[in-house]
Structure formats: C-alpha cells, structure tokens
Amino acid sequence: MTKKNQHLTTSWGAPVGDNQHSMTAGSRGPTLIQDVHLLEKLAHFNRERVPERVVHAKGAGAHGYFEVTKDVTAYTKAAFLSDVGKRTPLFVRFSTVAGENGSADSVRDPRGFAVKFYTEEGNYDLVGNNTPVFFIRDAIKFPDFIHTQKRHPATHLKNPNAVWDFWSLSPESLHQVTILMSDRGIPATYRHMHGFGSHTFKWVNEDGDGVWVKYHFKTEQGIKNLTEEMGQRLAGENPDSHTEDLYNAIENGDYPAWRLYVQIMPIEDADTYRFDPFDVTKVWSQKDYPLQEVGRMVLDRNPENYFAEVEQATFSPGTLVPGIDVSPDKMLQGRLFAYHDAHRYRVGANHQALPINRPKTDVHTYQRDGQMRFDNNGGGSIYYEPNSLNGPKESPQHKPAAYPVSGVADSVAYDQDDHYTQAGDLYRLLTKDERTRLISNIVGAMKPVESDEIKRRQIEHFYKADPEYGIRVAEGLGLSVPSKRK
C-alpha cells in the first residue's frame, strides 16, 4: 500500500519540482536538454518493455503453495516431498502458446502450465502444458514448428498453409492435433483445465534407486471448455477473459486448486514397454501405470505487479533439485538448453536473481558481473574454484546418478514410428457429439489451406488413425476419401 505524503523523486532519489511541464527557453521556446528529469523519464519509457516471449507470450500468474498428501519417499529424496503435510511456496504461470502478448485468451491453442516450487534445496520448475503430449518429439524441429504458428513474413497474417503442411509432413503430431481440435482445445478458463509435465522425468530415492515418472495436475474445479463459436465471440468481447477470471477468483477468495498425481514406471520397463516411454507424442496407459497421488496445489495470492512477477518470471525444465532428474526424451533434452538461454536473452544473465525467480535458500555461486547485476555481486569474496580459501564446494552426494548409454553418435530417428494407435484410440473414446465437433473444428481449420495435396496428405493420417476419422474429414472438405482412392 502506498504511504501518504510521499514526495515524487527521480530514479536517483532527488525530489521532482515539476512533473507537469517541461523546462523550456521561455514560454514558447524550445525544450532544454538540461531538463534531466524529462530526459530520464522519456529514456526509461523507451525501455519499459523487455522482448516478449517467442512462445507463451500471453499469460497470467499467481502465488500459492503445494502440500504433500501422500508419502512418496520410497521414490524420491526431493526434500519438498519428504513429509506428508509439508507445504512449499510456489508461483504458477498459465499461458497460450502461439499468440503475441496482446492476443486473445480464448483461442484454440495449447495452454502453458508452469510451476516454480521454492524448495529448501533451491527452486524446482515443472514446465508443462494442459495436454499430456506435444506436436513433435525432437527439439531440432521446434523452431520450424513455431515458425508455422507465427505470421507469414510477407503478409504478416497467420498462415494455415504452413500449419497443415508441417503437420501433414510430421505425422507424429497427429495425437496432439486431435486433442487440440477436440473440445479441450479451448479451455473455458485457466482454472478449469488439467496440467501435465508431458515429458518423462526420473525420480531418485535416498538409496540411489530410480523410477521414471509422468506428472498430472488434476483440476478440482472440473473441466470446462468453450466451443469454437464461444471462443471466437469471447475473443472479441473480452480478449483477456482467462487473465481476468484467474485474478478475480483469487481476489474473491475462490482459490483454485489441483491435485498432483504421478505415473511411476520401473526403470527396466522402459526397455520393453509397447511405446517408447521417452516419446513426448505418446502417453502411458493408466491401466499399466495407475495415477498415484502426491499432493495438492492451491493458488491463493495475486501478483502485486504483473511485470515484476509474471512477465519477469522465468521457468526451465532444467531447474532441478536433488531427487528429480531428466530422461532421454529428445524434446526435453533440447528444452534444458533452450529455456535457460531464452531467459538470458529476454530478461538477462542475472534473471535468476530477480525477486520472483530468486530461491528462498541462500545462493553460493562463482558467477559474477553481467548486465543488471543489482545485488552486491559477491562483494570481495573468493571468485574462482577450486580454491584453498574455504569457498563453496560441490556436494558429491547430490551428483546425478549414473546411467548406461550405448550406440553410435549419429542423427537417428526414434525406434518406434507408430503415430496412429494412440490418436485412433483417443478418437474412439470420444462421444458421438464430441467426434462431430472435432471434425467440424478440423474442417473449419483446413478449409483455408490452398493446396489439396496438403489436405489429402493430412486426411491420410486421420484415416490411418481411424477410417471413420479420415472419411468424415475428407467429406467435410469435399475431397475423395482414402479408401475410395486405392
């Protein structure tokens, strides 16, 4: 809360005598360069915006806590999961993916679901989406994929030709495309959707034994979605609807909550499971690996300043704590570099020291200097390692567990190329009405595509997932169905 009778000052703390009129040479004379308050005010204004995120630019965030509800110490030594009833403060950022910072909340798009746990062993970031899978499974394809979601370099318009050309040439995207075009493609609010870690991660216990895990945040508010028509109308009437809903719910004491579950796979099962468990375009059957409860996440405090907390919040799946490690998932492996690097570019080399990102624990590193270093920069303490001056030393007990690798260093594809089974299973799980809306959404999205070759190529993928799926899309587009073109 602002205190009464505060005096306006410059950024260097000097009192401002006049904030309404520039200093000029006479009443109609030119403005004087000696008006340093004017120059500082304009110069700072020119620099008030940091570059927006290339993806996940539009978002909202909130503070809260995570409470452990089940004992999982048999699987992980992560300190914040060590005791039932233990609470850890956290910050969550929800977002759309493809649109710019000013785009509408109610578009058909995946939703980012990023959680920063402020644990006693440092920060842990769980950076996922509201879907359990993704469009691609190798990070080398990510820049090209995102280019298709952005604007055409000549027209500066969204380009459905690029979108469906890429998807039709990347059949691994079919599972996620089916989810995106289904009812769950447009969540009604950020509160009424699930969240997923999507990737496979590794938990390690005190004895060094590991398991593979997948994260599932289940909303306690229930799932609610928007139809295509409702989403488009809301985009025009209130493009900030999700942001507004989250803020108002928390402000009114209607704190949103999610239950966190994990699927746990024994390490050795990864070699024999019918799907590659490290392929982010695939899910693990919950019949094979049932959900096991871990805890509950509650959001109970809004940011005091959007820029300082939501815009400057930085997340990375490489922000890990002891007891939680990564997997060979190729998409995840690329994100370990890309996310940290994006923040170094967008916010700066010292982004981890900002209040919203700073761990609750003490930080002891040999990193120094860089733009916007705003603490004491380590003072005169020892600034290299190894040293014989009692500087911070590594903790061998927290070294990640070794694991075997084999093979030839090469650019290799995944061993398994079944892009259709899980997408077809999902289609057959939908009700009759849900299938009809799915087909309608796909047909509406594909009609602007100029090339019939691209359309037919994509229809072939739908057909391979389920013949009815492909036939209905083909008929909706007025094209011959695959079964009739053999």
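Is Arg296 buried, partly exposed or exposed, and what relative accessibility does Arg296 have? In this predicted model, Arg296 counts as partly exposed, because its relative accessibility is 28% and the partly exposed class lies between under 20% for buried and over 50% for exposed. The side chain of Arg296 forms a salt bridge with that of Glu220, with an N to O distance of 2.7 Å. The two partners come from distant parts of the chain, 76 residues apart: Arg296 belongs to strand S9 (residues 292-301), whereas Glu220 is in the loop between strand S7 (210-219) and helix H5 (228-237). Glu220 is also partly exposed, with a relative accessible area of 36%.

Arg259 and Glu293 meet through their side chains in a salt bridge of 3.0 Å, N to O.

Pro266 is partly exposed at a relative accessible area of 30%. When neighbours within four places in sequence are left aside, the contacts of Pro266 are with Trp212 and Tyr289. Between the C-alpha atoms of Pro266 and Ser95 there is a separation of 33 Å, and these residues are 171 positions apart along the chain.

Other salt bridges were identified elsewhere in the chain. Asp375 is paired with Arg373, and their closest N and O atoms are 2.9 Å apart. Asp375 is partly exposed, with a relative accessible area of 40%, and Arg373 is likewise partly exposed, at 26%. A network of salt bridges links Arg137, Asp279, Lys282 and Asp417. The count of salt bridges comes to 29.

A nonpolar patch was found on the surface. Tyr383, Tyr384 and Leu389 make up this patch, which covers about 370 Å². Tyr383 is situated in the loop between helix H8 (330-346) and helix H9 (421-429). With a relative accessible area of 58%, Tyr383 is classed as exposed, because the cut-off for that class is over 50%.

At the level of the whole protein, the secondary structure consists of 12 helices and 10 strands. Along the principal axes, the C-alpha atoms fill a box of roughly 85 × 65 × 50 Å. Of the 486 residues, 47% are buried. The accessible surface amounts to about 25400 Å², and carbon and sulfur atoms account for 52% of this area. Among contacts between residues at least 6 apart in sequence, 71% join residues that are at least 24 apart.

Notes:
Residues are numbered from 1 along each chain as its sequence is written. This is a predicted model: local features need pLDDT of at least 70, side-chain atom pairs count only at pLDDT 80 or more; totals for chains, interfaces and linings use all residues. Side-chain values use heavy atoms; hydrogens and water are left out. Patches are made of residues with over 30% relative accessible area and no salt bridge: like charges are joined within 9 Å, nonpolar side chains (Val, Leu, Ile, Met, Phe, Trp, Tyr) within 5 Å. Accessible areas come from the Shrake-Rupley method with a 1.4 Å probe; for residues, only the protein chains shown count as cover. A salt bridge is a side-chain nitrogen of Lys or Arg within 4 Å of a carboxyl oxygen of Asp or Glu. Helices (H or I, at least four residues) and strands (E, at least two) are DSSP runs, numbered from the N terminus. Buried means under 20% relative accessible area, exposed over 50%, partly exposed in between (1.4 Å probe, protein chains only). Contact means heavy atoms within 4.5 Å.
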